[in-house]
Amino acid sequence: MKNLLYSVALCLSVLFVLAHINEAVIPCGTVDMKAAACISFTTGKDAKPSAPCCSGLQQLAQSVKSVDDKKDICRCLKAGVTNFAGVQDKFLSQLPTACTIKVGFPVSMNTNCETIRM
């Protein structure tokens, strides 16, 4: 009986590890590429986000498979906006509505990515 319990525990542990290994990781390079077309809107140069901007953000939103994916994207976006002078929070916060995407958290340079939930 004891061996059976150890075997079950071992199998569950292996499945848990495999499940986490197979989770998709979204690299910052991909996030940057998909969001790059949004810079002219987030700096106030364009009155509305371009079609490529919204398309890229929609692709990112569709690629989310876990809360960790959301956190990774958030971290990448926060790091990315620091590379562009003039990005304004008031325009960042308008992106989800303007592009009709649901992100489930406030889009802001001040968002704490670690508090994001599914």
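Which residues lie nearest the centre of the largest pocket, and how many residues line it? In this predicted model, the lining of the largest pocket is made up of 32 residues, and those nearest its centre are Ala35, Leu57, Ile73, Leu77 and Val107. The volume of this pocket comes to about 560 Å³, and the elements that contribute two or more residues to its lining are α2 (28-35), α3, α4 (51-63), α5 (67-81) and α7 (95-98). Helix α5 supplies the largest share of the lining, with 8 residues.

Of the 118 residues of the chain, 30% count as buried. Among contacts between residues at least 6 apart in sequence, 71% join residues that are at least 24 apart.

On the α2 side the contact involves Val31, Lys34 and Ala35, which meet Pro52, Cys53, Gly56, Leu57, Gln59 and Leu60 in α4. The residues of this contact divide into 6 nonpolar, 2 polar and 1 charged. Ala35 and Leu57, which take part in this contact, are also among the residues that lie nearest the centre of the largest pocket.

Lysine 34, found in helix α2, deserves a separate look. Leaving aside residues up to four places away in sequence, lysine 34 touches Pro52, Cys53, Gly56, Leu57, Gln59 and Leu60. Its C-alpha atom is separated by 8.0 Å from that of serine 55, a residue 21 places away along the chain. Lysine 34 counts as partly exposed because its relative accessibility is 22%, whereas a residue is called buried under 20%.

The same cut-off gives another result for valine 87, which is placed in the loop between α5 and α6: with a relative accessible area of 10%, valine 87 is buried. Apart from residues up to four places away in sequence, valine 87 touches Thr42, Thr43, Val81, Leu92 and Met109. The C-alpha atoms of valine 87 and serine 40 are separated by 8.7 Å, although the two residues are 47 apart along the chain.

The structure holds 1 aromatic pair, formed by phenylalanine 41 and phenylalanine 91 in an edge-to-face arrangement, with 5.8 Å from centre to centre and 65 degrees between the planes. Phenylalanine 41 lies in helix α3 (residues 39-42) and phenylalanine 91 in helix α6 (residues 89-92), and the pair therefore ties together parts that are 50 residues apart in sequence. Both phenylalanine 41 and phenylalanine 91 are buried.

The last stop is a backbone feature. Most residues other than glycine have a negative phi. Threonine 100, however, has a phi near 50 degrees, a positive value in a residue other than glycine. Threonine 100 is placed in the segment after α7, and it counts as exposed because its relative accessibility is 67%.

Notes. Residues are numbered from 1 along each chain as its sequence is written. This is a predicted model: local features need pLDDT of at least 70, side-chain atom pairs count only at pLDDT 80 or more; totals for chains, interfaces and linings use all residues. Side-chain values use heavy atoms; hydrogens and water are left out. Rings of Phe, Tyr and Trp (its six-membered ring) pair if their centres lie within 6.5 Å; planes under 30 degrees apart count as stacked, over 60 as edge-to-face and the rest as tilted. Helices (H or I, at least four residues) and strands (E, at least two) are DSSP runs, numbered from the N terminus. Buried means under 20% relative accessible area, exposed over 50%, partly exposed in between (1.4 Å probe, protein chains only). On a 1 Å grid over the protein atoms alone, a cavity is a set of points where a 1.4 Å probe fits but cannot get out, and a pocket is an open set with protein on both sides within 12 Å along at least five of seven lines; lining residues have an atom within 4 Å of a point. Grid points are joined across faces, edges and corners, and a volume is the space filled by probe spheres set on the points. Contact means heavy atoms within 4.5 Å. Ala, Val, Leu, Ile, Met, Phe, Trp, Tyr, Cys and Pro count as nonpolar, Asp, Glu, Lys and Arg as charged, and the others, Gly among them, as polar.
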